[in-house]
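Please look over the sequence and the structure shown here before reading on.

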Amino acid sequence: MRRGRWAAVAGAVAVLAGGVAWAALPGPPRVRASEQRVAVVDGPHDDRHIALDTTFFAPAGRGRAPAVLLAHGFGGSKDDTRGEAERLARHGYAVLTWSARGFGRSDGEITLDSPDYDVKDVRQLIDWLARRSEVRLDAPGDPRVGVAGQSYGGAITLLAAAYDRRVDAIAPQVTWYDLADSLFPDATGRGAANGVFKKVWAGIFFTGGASSTACGRFLPSLCAMYQRVAETGAPTPEAIATLRRSSTSSVAGRIHVPTLLVQGQSDSLFPLDQADGNARAVTGAPVKVVWFQGGHDGGDPETTRIRGLVTGWFDRYLKGDRTAAESGFTVTRSGGIDSSTQRVVVTAATAPRYPGLSGAARRTFPLGGQEQTIQNPPGGSPASVSTLPGLGALNAAGGLGAGGAQFDLPGQSAAFETEPLDAPVTLTGSARVRVHVAGGRATLFAKVYDVGPDGQATPARRLAAPFTLDGTADVALPALDHRFDAGHSIRVVFGTTDMGFASPARAASYRVSVDSPLTVPADPALRAPSAPLPWWVWGLPAIAVAAAVVLVATGRGRRHGGGEPGDPEVPLEISGLTKRYKNGHLAVDDLSFRVERGQVCGLLGPNGAGKTTTLRMLMGLIHPDAGQIRIFGEPVRPGAPVLARLGSFVEGPGFLPHLSGRDNLELYWKAAGRGEAYLDEALEIAGLGDAIRRPVRTYSQGMRQRLAIAQAMLGLPDLLVLDEPTNGLDPPQIAEMREVLVRYAAAGRTVIISSHLLAEVEQTCTDVVVMHRGTLVAAGPVAEIAGHDGSILVGTPEVDRAMSVLTALEGVEGAEPYAPGVLVHLNGSGPAAVVAALVAGGVPVDRVTPHRRLEDAFLALIGDGS
């Protein structure tokens, strides 16, 4: 005992000493920042005097350092780039951030990065940097400077390099090459004049900041241009010329500095073809192209990776560090789920050069499908959905990101498909196919789907390539990077509508066919580094040996029954389940119980009993520290196939309010990517009736709860787990929900309910499991757990008459309605006397059983003060 005490003291001293040493270590260098308004003169005639709101971040260390101009995105301000500015300053750069004219606290009006306005502003900011004593100069008035920015800020980065030869390196991200082609794309390559208006994104651009004027702080001439275009859905020649002046396409061949181009794969605003154009616009200088997982439509922003790329690029071309990033091509890809963190693993494949959207190699695949007739609906509505512009988070949720459900409406789309692939195919670039349209000039939207062996189709990316055509033309499909596995097929779909674009209002019918095989580009040079061996590959054997030695030495090994095969007929078996959180809280302690087929089992316990932790382990969301959970004999682990037999509802229902209940369920099931939905059966059990066709926004709370239960029942899972399914419902709704669950279990399936409504559990459940402080207190049939405390349940349809008789009967302490009759609390009278009095009073009695309320039994089991 004394030795252990001294060891503890020594350990505490060591920890304290380590903490003191850590505190004594120098922290990150302090960044000195100063705010100032910089006066600039711009405009076509250099007669517009405004002030830009700027912040200068001095470089860490002494001496002169290269400078970086950081530009913000559309609708933002200099404050959005402060964190990155401070990081670069600590890395040894002088950094200047500014709010572009018309944004934040800067003067002026928004001009879409016009050379007459924004570009002139940037040139004067470079002049300002050249006068700073902290900034390294290449020549008098010529600072060593790089420029970086995203989206709106990315475009000014490219234009600044074209118009000002003092710029030494640039790193534009998720931006445009040709703003006219971006807002009026045409997949046949005939340009913006033949393009389809990207109405939703354009509206977000021009009217998102509307206040006292229709377009907010936009230059009035640009606002008028947008309004004319929005009314007709077609660009004027003047609009195209204006948008092109604010684009790299107008200065192609004039950018001669090292350029890092970062473009998002989840981006319907500025797709990958825009980075392709920018790459071709740079001449005589190194170019690196990076396709990452995020973009304007959401997805993984890969912030750490991209920041590292930008810093490395500037280190190489501003500081002269030749060990930093080089030119080439990088594509990041999803590498599955890390079972230890439950996060998506993103890997990077690299090649020494960027091949362009046509790929370094090409393969052709015949497309099956005869000529098909499709309809353009009157008014262009309802419209299909490829993505939800401006709602990046929503695109990434509920299957609306890459790989989510499809939204091509019946009758509005034609599909053509390859035979199942005999080997995996990775599409990197823009696939092409020759399309013929008859019946008039049609506006169509091309998409690419990955079709599995089970026939389930998921978008390769949630992108559409629009075009207008009457006749025959080669069509460039959306640019993307996607692997089609062996046994899968590639499906190309042409639809007449898309929510993000303008469509003809006139009803029309078209015939669509394909006149060529599908040409698929690839880049065989792309190579991903081998994943390093996780620590457990080499660490676990050593740990296992050490654990074996300890177990043998102490004789304290505990069996958790994990090695023996389970019973495939048992829906749920938990043995020795234990979970302790990092803060030391023991949430579940050696929990064991079993649930049989056909049961409705209630999981009961006060707050902190471990119910939620148990359910999360049951669904494979968190790992137990010890013990095992088996569903139908199979052990539960993240991604285990047996989890497909489990349906669950563990949090509040979340649905798209403008869609009907049925559409919500179909969307969810397609996003889940499972087999047959059994939608009608689930809806019949939920009992929503005709309401299933109404928008969810019209639903009551009870209807939303029942829709959520129906969602959990899709596929008719053999094991249904529900957390507080009656939460927020009124008594009639609770009664309806009780019937739903009883009907579901009556078909031979199993239901587990976690609830704090003990009376409801008593009337719904056949069995209960009672937990307290992480341990099992009791488990068994409700009748056995409740037992008998001197009360009887009298079954009768005449509840009111029975109450009037019993309240006047001597030896009865009290009576209360309790389905399916009256609960009588005895205090001297026996059951026979009670029955006799009721019969004498003309009250029919069909049964008498001893009874104790589950609530009373529950409190007795866990203690009233718990």
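The paragraphs that follow treat nonpolar cores, helix packing and some details of the backbone in turn.

The structure is a predicted model. In soluble globular proteins, nonpolar side chains tend to be buried together. The largest nonpolar core here holds 77 residues, and within it Leu69 and Leu129 touch the most other members. Helix α4, residues 152-163, gives the most to this core, contributing eight residues. Another core, of 41 residues, lies apart from the largest one, and Ala682, Met713, Val770 and Val782 are among its members.

Helix α3, residues 118-130, packs with α4 at an angle of about 70 degrees, and the two axes are 10 Å apart. An angle from 65 to 115 degrees counts as roughly perpendicular, and α3 and α4 are therefore roughly perpendicular to each other. The crossing of α3 past α4 is right-handed. On the side of α3, the residues that meet α4 are Asp118, Val119, Val122 and Arg123, and their partners in α4 are Tyr152, Ile156, Leu159, Ala160 and Tyr163. By class, this contact of α3 with α4 comprises seven nonpolar residues, no polar residues and two charged residues.

A second pair consists of helix α7, residues 220-232, and helix α8, residues 237-245, which pack at an angle of about 130 degrees with their axes 10 Å apart. The helices α7 and α8 are therefore oblique to each other. Their crossing, that of α7 and α8, is left-handed. Leu222, Met225 and Val229 of α7 make the contact together with Ala239, Thr242 and Leu243 of α8. The residues in the contact of α7 with α8 divide into five nonpolar, one polar and no charged.

The crossing of α20 and α21 is right-handed. Here Ala802, Val805 and Leu806 in α20 meet Val834, Ala837 and Leu838 in α21. The contact of α20 with α21 involves six nonpolar residues, with no polar and no charged ones.

Leu112 is found in the loop between β4, residues 94-98, and α3. Although Leu112 is not a glycine, this residue has a positive phi of about 60 degrees. Leu112 has a relative accessible area of 4% and is therefore buried, the limit for a buried residue being under 20%. Leu716 lies in the loop between α16, residues 701-713, and β30, residues 719-723. Phi of Leu716 is near 45 degrees, which is a positive value in a residue other than glycine. With a relative accessible area of 13%, Leu716 is likewise buried.

Where in the model does Pro382 occur? Pro382 is found in the loop between β14, residues 372-376, and α11, residues 392-395. The peptide bond that leads from Ser381 to Pro382 is cis, with omega near 5 degrees.

Terms used: Residues numbered from 1 in each chain as written. Predicted model: local features only at pLDDT ≥ 70, side-chain atom pairs only at ≥ 80, totals over all residues. Heavy atoms only, no water. Left-handed = near helix turned anticlockwise from the far one by under 90°. Helix = DSSP H or I, 4+ residues; strand = E, 2+ residues; numbered from the N terminus. Contact = heavy atoms within 4.5 Å. Nonpolar A, V, L, I, M, F, W, Y, C, P; charged D, E, K, R; others polar. Axes fitted to C-alpha atoms, helices over the stretch in contact; angles between N-to-C directions. Parallel < 35°, antiparallel > 145°, perpendicular 65-115°, else oblique. Core = buried A, V, L, I, M, F, W, Y, C linked by side-chain atoms within 4.5 Å. Buried < 20%, exposed > 50% of the residue type's maximum accessible area, 1.4 Å probe, protein only.
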